[in-house]
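Visitor: Hi! I'm new to this, so please walk me through what's on the screen.

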Amino acid sequence: MANAKELRKQIGSIKNTQKITSAMEMVAASKMRKAQERMARGRPYSDYMRTVIGHVANASPEYRHQFMVEREVRRIGYIIITTDKGLCGGLNINLLKTTLKDIKTWIDQEVEVDLCLIGNKGAQFFNNYGGNVVAASSHISETPAMADLIGSIKVMLNAFEEGTIDKIYLTNNVFVNTMIQEPTIRQLVPLDPEDDENLKNRWDYIYEPDARQLVEGLVTRFIESQVYQAVVENVACEQAAKMIAMKSATENAGDLVDELELIMNNARQAAITQELSEIVGGAAAV
Amino acid sequence: MASSDSTATVHCSIVSAEQEIFSDQVEMVVATGTIGELGIFPGHTPLLTGVKPGPVRLKLVGGEEEVFFASGGFIEVQPTSITILADTALRANDIDEAAAAAAQNKAEQELADNRSDIDFGRVQADIQETAAMLRTIRKFRK
């Protein structure tokens, strides 16, 4: 039978942990609300941007920007967005697993893979796992500024323009609701045409003033907005996942305490019973 | 696309990086494109152009007009939809005239100071933007 004093110590330490996890849960919940708001505000822009880009990719212009031309794929790039801190359940691991599966299908086709990592967790993971990391940035704040992200993305885009990378994917967690965060992989460049029958016929925009300039500007803005939105969304996912993880940790701690208290009470009761029976036995002997 | 009262309408959305500010059927859109003012009716041929800082006027179903201010961005026109991807967009009635005038003064002052460490391009863009904002207010505010 376990020692009552030891048990009491264990219960105390679990209760302390529980206090910490429940505080973290509350912090995450309040941060999540803000992050979710930020995400919701930015979503329409990035969604419309994607639609417009989908239209543009369907057009058959006299001028085809290199962002619109599908090339033979020899080397591809992934922009992988993970969180900076842990304690958010399976969020990062789910994303990385999905990404790795995708990467593997490319490697099987003898395509080389370059990685651009945003967020600490991805950097740590690929440090151990291996992989050709061409750019990494971490310690993105909860209110990310475009300027913090542009540097590492620029490396990828330059490589694309030079022709060393033939495709760029963006992978991040998409916030579905508080309980569900979906790892998603989306193609950034070359532009992915939208599947719309109405747009399949040959047509083109009137460009004012100049197709090249416009498409270039639009594509730059598109990539910025997609990456920015992905980062903002990832922050919301992180806080949601953290909240859930901490909630279940708090609940688990509660269960543990209950269990241990039961054992402790059992032990105490047994000790009392034993003492009593010893006294009674002793009295009978006299 | 004809609505019930037989006037043609087109779906117009104005989104800025911060929010979706307008999304509904309209009868006409007047915006400031890179090379001049554009009036867009339903069924317009596909068009892609930049936006210069200036007013965006929407003629709503029923004839009412609503005025927005866009500070730059892109317009995509499809026969059945018009999308304005603005850098920032405001309802004309929400513009703070005093703040805009102050911002313009500040930018002009910066330019007049003629210091070497200012970003000339940015200051000029600021002046253009605030001037367009003030123009929008003075012209369309009821």
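Visitor: Which residue stands opposite Phe175(A) in β5(A)?
Guide: That's Gln181(A). Before we go on: this is a predicted model, where local features need pLDDT of at least 70 and side-chain atom pairs count only at pLDDT 80 or more, while totals for chains, interfaces and linings use all residues. Residues are numbered from 1 along each chain as its sequence is written, and chains are lettered from A and ligands numbered from 1 in the order in which they are written.

Visitor: Over how many bridges do β4 and β5 of chain A pair?
Guide: Eight bridges, in the antiparallel sense, between β4 (residues 167-175) and β5(A). Two strands pair if DSSP finds at least two bridges between them. Strands (E, at least two residues) and helices (H or I, at least four) are DSSP runs, numbered from the N terminus.

Visitor: What order do the strands of that open sheet come in?
Guide: It goes β3-β2-β1-β4-β5 in chain A, five strands with mixed pairing. At the edges sit β3 (132-137) and β5 (181-189), each pairing on one side only. On average, neighbouring strands are turned by 20 degrees against each other, direction ignored. For angles, axes are lines fitted to C-alpha atoms (for helices, over the stretch in contact), and values run from 0 to 180 degrees between N-to-C directions.

Visitor: Which helix lies across those strands?
Guide: Helix α4 (residues 146-162) of chain A lies across β1 (75-81), β2 (112-118), β3, β4 and β5, and runs at about 150 degrees to β3(A).

Visitor: Why does Leu87(A) count as partly exposed?
Guide: Because Leu87(A) has 15 C-beta neighbours inside 10 Å. A residue is buried with 20 or more other C-beta atoms within 10 Å of its own, exposed with 12 or fewer, and partly exposed in between, with C-beta atoms placed from the backbone. Glu110(A) is exposed, because 7 other C-beta atoms lie within 10 Å.

Visitor: On to chain B. How many helices and strands does chain B have?
Guide: Two helices and nine strands. From the N terminus on, the order is β-β-β-β-β-β-β-β-β-α-α. The C-alpha atoms fill a box of roughly 60 × 30 × 25 Å along the principal axes, and 35% of the 142 residues are buried.

Visitor: Which domains does chain B have?
Guide: Domain 1 (10-92) and domain 2 (96-140), with bounds from an automatic or database domain assignment. Their C-alpha centres lie 24 Å apart. Seven residues of domain 1 are in contact with eight of domain 2, where contact means C-beta atoms, placed from the backbone, within 7 Å. On the domain 1 side, β5 (54-60) and β6 (65-70) of chain B each give two or more residues.

Visitor: How many residues does each chain put into the contact between A and B?
Guide: Chain B gives 21 and chain A gives 17. The largest share of the chain B side, four residues, comes from β4(B). Strand β6 (residues 206-208) of chain A also runs parallel to β4(B), joined by three bridges. In that pairing, Tyr207(A) has Leu48(B) as its bridge partner.

Visitor: Last one: how many residues are in the largest nonpolar core?
Guide: It has 89 residues, and those with the most contacts inside it include Ile79(A), Val227(A), Ile14(B) and Ile84(B). A nonpolar core is a set of buried Ala, Val, Leu, Ile, Met, Phe, Trp, Tyr and Cys residues joined through C-beta atoms within 7 Å. Helix α5 (residues 211-285) of chain A gives the most, 20 residues. Beyond its neighbours within four places in sequence, Ile14(B) is in contact with residues including Ile21(B), Phe22(B), Val56(B) and Phe68(B).

Notes: Two residues are in contact if their C-beta atoms, placed from the backbone, lie within 7 Å.
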